[in-house]
Amino acid sequence: MDRDRCHHNQERLHRETLLAQIGNGREERTGAVSFPVYHSTAYQHPALGESTGYDYTRTANPTRTILEDAIAELEGGDAGFATSSGMAAIQTVMGLFSQGDHLIVSLDLYGGTYRLFEEVLSRYGLSFSYVDLRDVEAVKAAATPHTRGIFVESPTNPLMRVTNIKAICDIANKWGWLSIVDNTFMTPYCQRPLALGADVVLHSGTKYLGGHNDVLAGLIVTKGEELSAKVAALHNGIGAVLSPQDSWLLMRGMKTLALRMEKHQENAMALAQFLQNHPAVDEVFYPSLDPEERKIQEAQSDGFGGMLSFRIREAEWVPEFLRYLRLISFAESLGGVESLVTYPATQTHADIPEPIRRKVGVCDRLLRLSVGIEHLNDLTADLSYALDQARSTVTTGKGV
Ligand SMILES: *Cc1c(COP(=O)(O)O)cnc(C)c1O
């Protein structure tokens, strides 16, 4: 895939360069390399009917603009919008739809997105069908005369299913649906859905983009002038915008995204193999493991990401496994430098009703690992110790 983007001065800059250089050269008055945080909420008008481009900080803020320009360029879109969380990004984009509209959605998806759709937006007259988007025929079968959009996660959360983004966006374009891709797991360093035909990309910036488990943020990127203007109006109108301080913190994290993603992926690939060979584990989910999905992932992405899930052999081993981890934290997030483990059944996916969870495969033996950038041997040793202890404690009543 073409990793280069045409820069305004005709040089072709690589993504690593765009990331490291975010904000540099944009503060003309002082030459500040790290772009300043503009806390001011109000901006003076030079004269009646004139504006510096900044009037009121909800509409536009100079620090936020740098971040929004950066994510738009990285995703290859026309406009970027920074929001107060990933959920705020999704809620803002959903403002494009109206009462009566129907959307097709990835079957196995972030639990908070499911909750927003079913507990909030369904009361506003939107309806949703959850479909395994690997099956193009199932997508067509789920279409109704009221279908207006499709919402894709790839790889999915937590089962790392790979959707052929281009195939789905081709259907959406042909049938006149808005295609929205949640690109949180891959980031624009590894996957650019707009180039595959999507209309809107969104992110939880809280995860890989921020990368340090210290900022809550969301991002939206749109293609085309008309759609960008509509989302700009919703962003300002709804007002779930990112603060100047958090915009700065997110940019600070993004500068090292390329290095971090390389390490996350390298470690995750090795841990997926390690877990596959461990006798206490009976299934591992990582986008490189299924031959068909691997082919799609290789064609549409640069790498397989830093997330994996696995099923431990016995549900009773789960509490012991979590108790014996000494390095990897049992905590509910992903994409940071520190490795975290999550138990989707009671955490991220607790709001999804049990029958649906079971259908999707989020059972009570499933654990999700956000692989950090620590030394691989330390991670392997931690997992190995906790799995062995869990197995022997439950089987024999005492640890090894
Ligand atoms: C975390 C997450 C969200 C929600 O983002 P917040 O920043 O927590 O609001 C949405 N989609 C995916 C895939 C996520 O992992």
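1. Arg 15 lies in helix H1; helices here are DSSP runs of H or I with at least four residues, strands are runs of E with at least two, and both are numbered from the N terminus. Arg 15 counts as buried at 2% relative accessibility, where buried means under 20% relative accessible area, exposed over 50%, and partly exposed in between (1.4 Å probe, protein chains only). Going by C-alpha atoms, Arg 15 and Ser 127 are separated by 38 Å, and they sit 112 residues apart along the chain.

2. A quick word on the basis. This is a predicted model, so local features need pLDDT of at least 70 and side-chain atom pairs count only at pLDDT 80 or more, while totals for chains, interfaces and linings use all residues. Residues are numbered from 1 along each chain as its sequence is written, and side-chain values use heavy atoms, with hydrogens and water left out.

3. Now the ligand. There are 13 residues around the ligand, and those that come nearest are Gly 86, Asp 182, Ser 204, Thr 206 and Lys 207; a residue is near when one of its heavy atoms lies within 4 Å. The shell divides into 6 nonpolar, 5 polar and 2 charged residues.

4. Which atoms of Met 87, Ser 204 and Lys 207 come up against ligand oxygen? For Met 87 it is a polar backbone atom, 2.9 Å from an oxygen atom of the ligand. For Ser 204 it is an N or O atom in the side chain, at 2.8 Å. For Lys 207 it is a polar side-chain atom, at 2.7 Å. The protein buries 94% of the 380 Å² that the ligand exposes when taken alone; accessible areas come from the Shrake-Rupley method with a 1.4 Å probe, and for residues only the protein chains shown count as cover. A polar contact is a pair of N or O atoms within 3.5 Å; within protein, one must be able to donate a hydrogen and the other to accept it, and residues adjacent in sequence count only if both atoms are side-chain atoms.

5. Helix H2 (62-75) is worth a look. H2 has 14 residues and reaches 20 Å from its first C-alpha to its last, close to the 20 Å expected at 1.5 Å a residue; the expected span is 1.5 Å times one less than the number of residues. Because 12 of those 14 residues are buried, H2 is largely enclosed by the rest of the structure. The buried set includes charged side chains by name, among them Arg 64, Glu 68 and Glu 75.

6. Both ends of H2 have something to check. At the start, a side-chain oxygen of Asn 61 reaches to within 2.9 Å of the backbone nitrogen of Thr 63. Just after H2, Gly 76 takes a positive phi of about 70°.

7. On to helix H9 (residues 244-254), with buried residues that include Pro 244, Leu 249, Leu 250 and Met 254. What do the buried residues of H9 pack against? Their partners are helix H1 (15-20), helix H2, strand E9 (218-222) and helix H10 (257-276). Contact here means heavy atoms within 4.5 Å.

8. Thr 92, in helix H3 (residues 86-94), is buried with a relative accessible area of 1%. Leaving aside neighbours within four places in sequence, Thr 92 is in contact with Thr 83, Ile 220, Leu 234, His 235 and Ile 238. Thr 342, in strand E13 (residues 340-342), is buried at 0%, and its side chain reaches the backbone oxygen of Ala 331 at 3.2 Å.

9. A cis peptide bond joins Ser 154 and Pro 155, with omega about -5°. Another cis bond joins Asn 157 and Pro 158, with omega about 10°. Met 160, also found in the loop between E6 and H6, has a positive phi of about 55° although it is not a glycine, and Met 160 counts as buried at 2% relative accessibility.

10. Thr 187 also has a positive phi, near 65°. Thr 187 sits in helix H7 (residues 187-190) and is buried, with a relative accessible area of 0%.
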